[in-house]
Amino acid sequence: MLNEERIILMTQMASYEANEGKKNVAIGSYFRSDYIGWQVLKSIISATIAFVVVFAMYIFYDFEIFMMEIYKMDLLEFAKDVLFTYLKFVGVYALISYLVYSFRYSRARKSLRLYYANLHKLAGMYKSGRF
Amino acid sequence: MTTLLVAKQILMAIYSKYEVYITPLLKFLLALVTLLVINSRLGYMESIDKLTVVLIVSLMCSFMPMNFIVVAAAVFTMLHLYSFNLETAVVLGIGFLLMFLLYLRFSPKDTVVIVLLPICFLMKIPYVIPISMGLIGTPASAVSVACGVMVYYMLHYVVQNTTVIASMADEETAAKFKFIIDGLLSNREMVITIAAFGITVILVYIIRRLSMDYAWTIAMTAGAVVNIMVLLVGDLMFDTNVALFGVIVGTIISFLLVMVLQFFVFNVDYSRTEKVQFEDDEYYYYVKAVPKVTVARAEKKVKQINTQRTAKPVPRTRSTHES
C-alpha cells in the first residue's frame, strides 16, 4: 500500500538533495569558522591578484613618466602609500566576503536543519510501520 | 483576461511537462544569439566566425550550467580581440579578470545578466534588465547589472574606435594602452548608466518588498521613471548626449515587457487580500495573504453516451421454445 504523505516527503527531500541541498551539504560539512576562514582567505588571494593587476596597469599606463620620476620620488613613501592602499582594498573586500559567507553559512545550516528534521520524520514513519 | 490566464496555465503545464527539453533549448538559443551577436560585431578571428563553430559551442552550452554561456561569450570575445589587436585584448581581458576575481567568484545566480544586458543594449531596450532584476533579484543584482553595462560599453568603445586603434598599429604599445584605458575610464555615459541602473534595481527591489497593494506595479513604474530621470540629470550635468526620445521609447517598451514578466511571476488579486493576526508562544504574526489569480483550465472530457452492452443475451429456454 502506498503512503502518500511519505512519498510527498521523500520527493521533496530528493528534490532538495539534487538541487539546493548539494551546495548546503558541502557547506554544512565545515565548522563555521573553517568555512568562513577558508572563503575569506580565497577572497584575500583574489583581491591581491586583482590589486597587482590594477597596479601593474597603473604603472604601465604612464610608464615613461613613471620611469623618469622614479629617481626623484621618495620610494619609501611611495611604497608605504601603495601598501596602505592595498591593505584598505583587501580589508574592505575581505569584510564584504566575510559578511556574504557568514550569511550563506547560517542560511545553509538553517535549511539543513529542516532537511534533517524531515529525515527524522521519515525514519519515524518507517519505525511506526506506516508504510 | 481569462483567456490570458488560461494560456498562462497551459504554458506552465507544457513547461513543467517538457522541462527536460525546454530548458536546454532556451540555453541553446541564448548561447546561439550571444555568440552570433559577438561574431557579427567583432568577427576579427575568421576561424571562430563560422556558423558550425557557433552551433557546436551553443550545443555544449545547452547542457552545461548557465554560467558556461558567460564563459563561452568571454572566450569568443577575447579571441576576436586578440586577432584584432593585442593591447585591446589585454585591457579588456584585465577588465574581465577583475570582474571574475572580485565579483563572479561569489557565483551569484544572476551572472547571465552580463550576457543579456549587452544584447538588450543592441536591441535598444536595456532598461528591461534593471527593472526585472529589481523585481526578481536582490539588491546585489545591481552589481551584476553594473558589470553588464561595463562589458557593453567596453566592447562598444572598441567597435566605435576600430579604425583609430587599427591605424595606431605602428605606434608604441604604451600609447595604445593609454588610448584604450583613457577611452574606457573617461566614458561618462557608462558611469551615468551604471548609476541609473543601480539606483533603479535597488529602488524597484525596495518598493516591491513593501507591504502595500500593487507593490510590483508601483515598483516597476517608479523604477522606469527614476531610470529616465537619472539618465536625463546625468545628461544635463555631464553633457553625454543621451538620446531623450530613445530613452523614453526604450523605457516604455521595457516597461511593457516587464509587465509580461509580472504576469507570469507575480499575478495576484488584491481585491481578495486577507489580513490576519495571531500569536504563538514566541511571536505575534501580522499576516497579509494575497491570493494568486488562477482560473480552472477547461478540460476536455469524453463522455460516452452509448453504454456498452455487457449483459449476455438471454438464451431461450426450452420451455419458452416449446410454448
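## Close-ups of a predicted two-chain model

**View 1. The β1–β2 pairing in chain B.** Start where B:Glu274 has B:Ala289 as its bridge partner in β2(B). This is a predicted model, as are the views that follow. Strand β1 covers residues 274-279 of chain B, and β1(B) and β2(B) run antiparallel to each other over six bridges. Follow the pair along and you'll find B:Gln277 facing B:Tyr286 of β2(B). The link from β1(B) to β2(B) is a hairpin of four residues. In a regular strand, side chains alternate between the two faces of the sheet.

**View 2. Where α3 and α5 of chain A cross.** The axes of α3(A) and α5(A) come within 8 Å and cross at roughly 145°. The crossing of α3(A) past α5(A) is right-handed. On the α3(A) side, the residues making the contact include A:Tyr35, A:Ile36, A:Val40, A:Ile44, A:Phe51 and A:Phe55. Among those that α5(A) brings are A:Val82, A:Tyr86, A:Phe89, A:Tyr93, A:Tyr98 and A:Tyr105. By class, the residues of this contact split into 16 nonpolar, five polar and one charged; A:Arg32 of α3(A) is also among the contact residues.

**View 3. Chain A meets chain B.** Here 11 residues of chain A are in contact with 11 residues of chain B. On the chain A side, α3 (32-61), α4 (63-69) and α5 (75-127) each supply at least two residues. The biggest giver is α3(A), with seven residues on the side of chain A that touches chain B. That side is made up of nine nonpolar, one polar and one charged residues.

**View 4. Helix α5 of chain B and what covers it.** With 17 residues (86-102), α5(B) reaches 24 Å from its first C-alpha to its last, close to the 24 Å expected at 1.5 Å a residue. Its buried residues are B:Glu87, B:Thr88, B:Val91, B:Leu92, B:Phe96, B:Leu98, B:Met99 and B:Leu102. An α-helix has 3.6 residues a turn, so residues three or four places apart point the same way. What covers the buried residues of α5(B)? Both chains have a hand in it: the cover includes α3 and α5 of chain A, along with α4 (67-84), α8, α9 (162-167) and α10 (173-185) of chain B.

**View 5. Helix α7 of chain B, mostly covered.** Running over residues 128-136 of chain B, α7(B) has eight of its nine residues buried. Those eight are B:Val128, B:Ile129, B:Pro130, B:Ile131, B:Ser132, B:Met133, B:Gly134 and B:Leu135. Which helices do they pack against? The partners, from chain B, are α6 (113-122), α8 (141-160), α11 (188-208), α12 (215-238) and α13 (244-265).

**View 6. Two positive phi angles in loops of chain B.** B:Lys124 isn't a glycine, yet its phi is positive, about 65°. You'll find B:Lys124 in the loop between α6 and α7 of chain B. With 14 C-beta neighbours inside 10 Å, B:Lys124 counts as partly exposed. B:Tyr214, not a glycine either, has a positive phi of about 55°. This one sits in the loop between α11 and α12 of chain B. B:Tyr214 has 11 other C-beta atoms within 10 Å, so it is exposed.

**View 7. A:Ser128, beyond α5 of chain A.** A:Ser128 belongs to the segment after α5 of chain A. With 8 other C-beta atoms within 10 Å, A:Ser128 is exposed. For a sense of scale, take A:Ile36, which is one of the residues of α3(A) in the contact with α5(A). A:Ser128 and A:Ile36 are 92 residues apart in sequence, and C-alpha to C-alpha they are 41 Å apart in space.

Definitions and conventions: Residues numbered from 1 in each chain as written. Chains lettered and ligands numbered in written order. Predicted model: local features only at pLDDT ≥ 70, side-chain atom pairs only at ≥ 80, totals over all residues. Pairing = 2+ DSSP bridges. Contact = placed C-beta atoms within 7 Å. Nonpolar A, V, L, I, M, F, W, Y, C, P; charged D, E, K, R; others polar. Buried ≥ 20, exposed ≤ 12 C-beta atoms within 10 Å, placed from the backbone. Axes fitted to C-alpha atoms, helices over the stretch in contact; angles between N-to-C directions. Left-handed = near helix turned anticlockwise from the far one by under 90°. Expected span 1.5 Å × (residues − 1).
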